[in-house]
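Before reading on, take a moment to look over the sequence and turn the model slowly on the screen.

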Amino acid sequence: MAGTDKRKLNPLDLYDVRAELTEEESMVQDSVARLVDEKVLPIIQDAFETHTFPKELVPEVAALGLLGSSLDGYDCAGLNAICYGLICQELERGDSGIRSFVSVQSSLVMFPIHAYGSEEQKRRWLPAMACGEAIGCFGLTEPQGGSDPSNMKTYAKRDGDDWVINGSKMWITNGNIADAAVVWAMTEEGVRGFIVKTDSPGFTAQKIENKFSLRASNTSALFFDNVRVPDANVLPGVVGLKGPLSCLTQARYGITWGVIGAAQACLNEALNYAHERIIFNNPLTHTQSIQQRLADMSRRITTAQLLSLQLGRLKDQGRMTPTHVSVAKWNNCRAAIDIARDARDILGGYGISAEYVPIRHMLNLESVITYEGTETVHQLIVGKELTGVNAF
Ligand SMILES: Cc1cc2nc3c(=O)[nH]c(=O)nc-3n(C[C@H](O)[C@H](O)[C@H](O)COP(=O)(O)OP(=O)(O)OC[C@H]3O[C@@H](n4cnc5c(N)ncnc54)[C@H](O)[C@@H]3O)c2cc1C
């Protein structure tokens, strides 16, 4: 590649964040990077084009201990928050859909069972989910609006020793491939979490077919028609919206790291292309405006990396708040989507081809900037912290 011999810094890690990592953290990053290079990148374009979640990756991901990686016990790896972040970053360098699978399984399904489940529920589900034998999904969003979960219509009514659930959930990752759904439903006592087996009578998952984003991920609508769930499947440890919101905080944390990987993949592609593309008798890299654009991508990736690194340290010290997470989810998703769009443009017409990574990441990031709280929702969370006023 022309010009690379003069580079002293890693363009994808200008501030050498890698040097800040412990040996264990570096090892985790390297092993996930290998998995992505060897197993994800060769198949991901096809999975995206055919709108299929590559389920064959689940045992590979599980074998590295990436499912429920930050939980202790129950066959989980008990890694720190930085490791979880690096796992997300490397997976999303491959594809946001693969990272979404791991985020949902780890942060939205295994985390609430670990944090709020009974001992029996933990033993039943966590080891099976850690080894990828059982897959979970998380049902919070409903068709009438995800940003305001307090407007929940799905209702669970007590009936003897059982509960009977009616309602529907929308945009549910892993919905069609899940063995169990952690479903949040309104009850007389407030919002409760239920572990619903997906073979329960009255439960239906319908794949959402016409997505232009996260096509390598399964997304479904869930329907509950008098679904009977035993009392033993209610998460006993939490009542109210703080249950699902605490799960979202975990998953959003991982997303702040994940999108850095997508942005790095796009910058890398744009750099390679700009070196080789000769226009007006010169490589694109020799023009000032292309250099400014590449520099801007690098600046934004560096900022995102430092935010997530500090966020991870706060998390490991038990000092991370939802507002901290909102700043980073907002900043890093915005940076990544802008970088992906700009990288797509630098590739000209080739930029719209799935042969190159930017368009796939760009389309994926449209979901990532929307789910787990839209950009506006995160701005309002930060605004509330600054002013003390709830403007939702
Ligand atoms: C691919 C994909 C996978 C998903 N996976 C899951 C999953 O596994 N589980 C799950 O439960 N959910 C999941 N979601 C749902 C996701 O979390 C919601 O889409 C998201 O929370 C937004 O909700 P909504 O789509 O209903 O949009 P709405 O809440 O209807 O928002 C519409 C618009 O209004 C804006 N808005 C909202 N409130 C305000 C306000 N007060 N002031 C100004 N503007 C406002 C929003 O920012 C947005 O631009 C997924 C979504 C996608 C796209």
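Which pocket is the space taken by the ligand? In this predicted model, the ligand takes up the space of the largest pocket, so it makes sense to begin there.

Around the ligand there are 18 residues, and the closest of them are T141, G146, S147, W171 and T374. Three of these residues can be looked at atom by atom. In T141, a polar atom of the side chain lies 2.7 Å from a nitrogen atom of the ligand. In G146, by contrast, the atom concerned is a backbone N or O, and it lies 2.6 Å from an oxygen atom of the ligand. In S147, an N or O atom of the side chain is 2.6 Å from an oxygen atom of the ligand. Taken on its own, the ligand has 980 Å² of accessible area, and the protein covers 68% of that area.

By class, the residues of the shell are eight nonpolar, nine polar and one charged.

The largest pocket has a volume of about 1,100 Å³, and 40 residues line it, with G146, L248, R252, E372 and G373 lying nearest its centre. At least two lining residues are supplied by each of α4 (96-116), β3, α6 (242-276), α8 (322-346), α9 (357-368) and α10. The lining of the largest pocket divides into 17 nonpolar, 15 polar and eight charged residues.

A further pocket deserves a look as well. The second largest pocket has a volume of about 540 Å³, and it is lined by 28 residues, of which L12, E90, R93, Q264 and A265 lie nearest its centre. Here α1 (23-49), α3 (81-94), α6 and α9 each supply at least two residues of the lining, and the largest share, six residues, comes from α6. Two of these elements, α6 and α9, also supply residues to the lining of the largest pocket. By class, the lining of the second largest pocket has 11 nonpolar, 10 polar and seven charged residues.

Definitions and conventions
Residues numbered from 1 in each chain as written. Predicted model: local features only at pLDDT ≥ 70, side-chain atom pairs only at ≥ 80, totals over all residues. Heavy atoms only, no water. Near = heavy atom within 4 Å. Polar contact = N/O pair within 3.5 Å; in protein donor to acceptor, adjacent residues only side chain to side chain. Areas by Shrake-Rupley, 256 points an atom, 1.4 Å probe, with all protein chains shown as cover. 1 Å grid on protein atoms, 1.4 Å probe; cavity = no way out; pocket = protein on both sides within 12 Å on 5 of 7 lines; lining within 4 Å. Sits in = over half its atoms within 2 Å of the grid points. Nonpolar A, V, L, I, M, F, W, Y, C, P; charged D, E, K, R; others polar. Points joined across faces, edges and corners; volume = space filled by probe spheres on them. Helix = DSSP H or I, 4+ residues; strand = E, 2+ residues; numbered from the N terminus.
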